[in-house]
Amino acid sequence: ADTDYAGQTCIPGHCPYCGHTERHPWVKEKEHQLWKCQHCGFLYLYPMPDHPPNVTYPESWVGTKVVANLQKVRDFFTEKELADTTRWLDVGCGNGELLQAVKDADSHINATGLETNPAKIHNAQKKGLVVVNRDLGDIAERFNVVSFMNVLSHVSCPIGFYRALARLLTREGCLFMCTGNAADLTDPKQNPSRDYR
């Protein structure tokens, strides 16, 4: 069994949300198999990768990801909320696209990224972004916003992960997340793309 950041025990092969074992394959991308729990519908990877790959995906700093993330930030937060935000932590920040968007939204925000992939850390730091490789449990600071974008599918015990993130928030803090579309990828009504059929 795996124990995560907040002491939650997850048994490999069991749904990390409800603990049931009944599942069916959902979609496979590269070497990763996504499963859907038959009991609660939660989508999860199994087996979980032992560690992050030592490769990085191509950077997208030409503007697409930074611009898209900036729009998400502006859609979610008011100007006053951004002005009142002093500390932001982006967990699993990759090459720093969201960190750059946060700086573009309001340059006074002290934005820090957590990342485990050395190549991505290097890419983000080259752009002047603050990105470190630290364990969530070792962080004592509190943040107005803790974000994670497309990270949840990489987490073996999501409930404990949420608890660990909540511990990092100030009293009035906000958890800001984005994750993949959990629609039925094989149903043309929910997913018009033909990529997963």
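Me: Contact means that heavy atoms lie within 4.5 Å of each other, and buried means under 20% relative accessible area, with exposed over 50% and partly exposed in between (1.4 Å probe, protein chains only). Which elements do the buried residues of H3 pack against?
Reply: This is a predicted model, in which local features need pLDDT of at least 70 and side-chain atom pairs count only at pLDDT 80 or more, while totals for chains, interfaces and linings use all residues. Residues are numbered from 1 along each chain as its sequence is written, and side-chain values use heavy atoms, with hydrogens and water left out. Helices (H or I, at least four residues) and strands (E, at least two) are DSSP runs numbered from the N terminus, and in helix H3, which covers residues 97-105, the buried residues are Glu97, Leu98, Leu99, Gln100, Ala101 and Val102. These buried residues pack against helix H1 (64-76), S6, strand S7 (110-114), S8, S9 and S10.

Me: How many helices and strands does the secondary structure of the protein come to?
Reply: Of the 197 residues in the protein, 40% are buried, and 58% of the contacts between residues at least 6 apart in sequence join residues at least 24 apart. The secondary structure comes to five helices and 10 strands.

Me: In which order do the five strands of the open sheet stand?
Reply: Two strands pair if DSSP finds at least two bridges between them, and the pairing in this open sheet is parallel. At the edges stand strand S8 (130-132) and strand S10 (169-178), each with a single partner strand, so one side of each is left without a neighbour in the sheet. Reading across the sheet, the order is S8-S7-S6-S9-S10.

Me: Through which helix does the chain cross from S9 to S10?
Reply: A crossover is right-handed if, with the strands pointing away from the viewer, the path from the first strand over the helix to the second runs clockwise. The β-α-β crossover from S9 to S10 is right-handed. The helix on this path, residues 158-167, is H5.

Me: Why does the pair of Phe76 and Phe77 count as edge-to-face?
Reply: Rings of Phe, Tyr and Trp (its six-membered ring) pair if their centres lie within 6.5 Å, and planes under 30 degrees apart count as stacked, over 60 as edge-to-face and the rest as tilted. By this rule the count comes to seven aromatic pairs. The centres of the Phe76 and Phe77 rings are 4.9 Å apart, and the pair is edge-to-face because the planes stand at 75°.

Me: How many residues apart are Phe76 and Phe176?
Reply: The rings of Phe76 and Phe176 have their centres 5.1 Å apart and their planes at 45°, so this pair is tilted. Phe76 is partly exposed at a relative accessible area of 46%, whereas Phe176 counts as buried at 5%. The pair links distant parts of the chain, since Phe76 lies in helix H1 and Phe176 in strand S10, and their separation is 100 residues.

Me: What separates the C-alpha atoms of Cys178 and Phe148?
Reply: Cys178 is found in strand S10 and counts as partly exposed, at 22% relative accessibility. Leaving aside residues up to four places away in sequence, Cys178 touches Lys72, Phe148, Met149 and Asn150. Although Cys178 and Phe148 are 30 residues apart along the chain, their C-alpha atoms are separated by 6.7 Å.

Me: Is Leu169 buried or exposed?
Reply: Leu169 is found in strand S10, and from C-alpha to C-alpha it is 5.2 Å from Arg142, which is 27 residues away in sequence. With a relative accessible area of 17%, Leu169 is buried.

Me: What is the phi of Asn150?
Reply: Most residues other than glycine have a negative phi. Asn150 is placed in the loop between S9 and H5 and is partly exposed, with a relative accessible area of 46%. Although Asn150 is not a glycine, its phi is positive, at about 55°.
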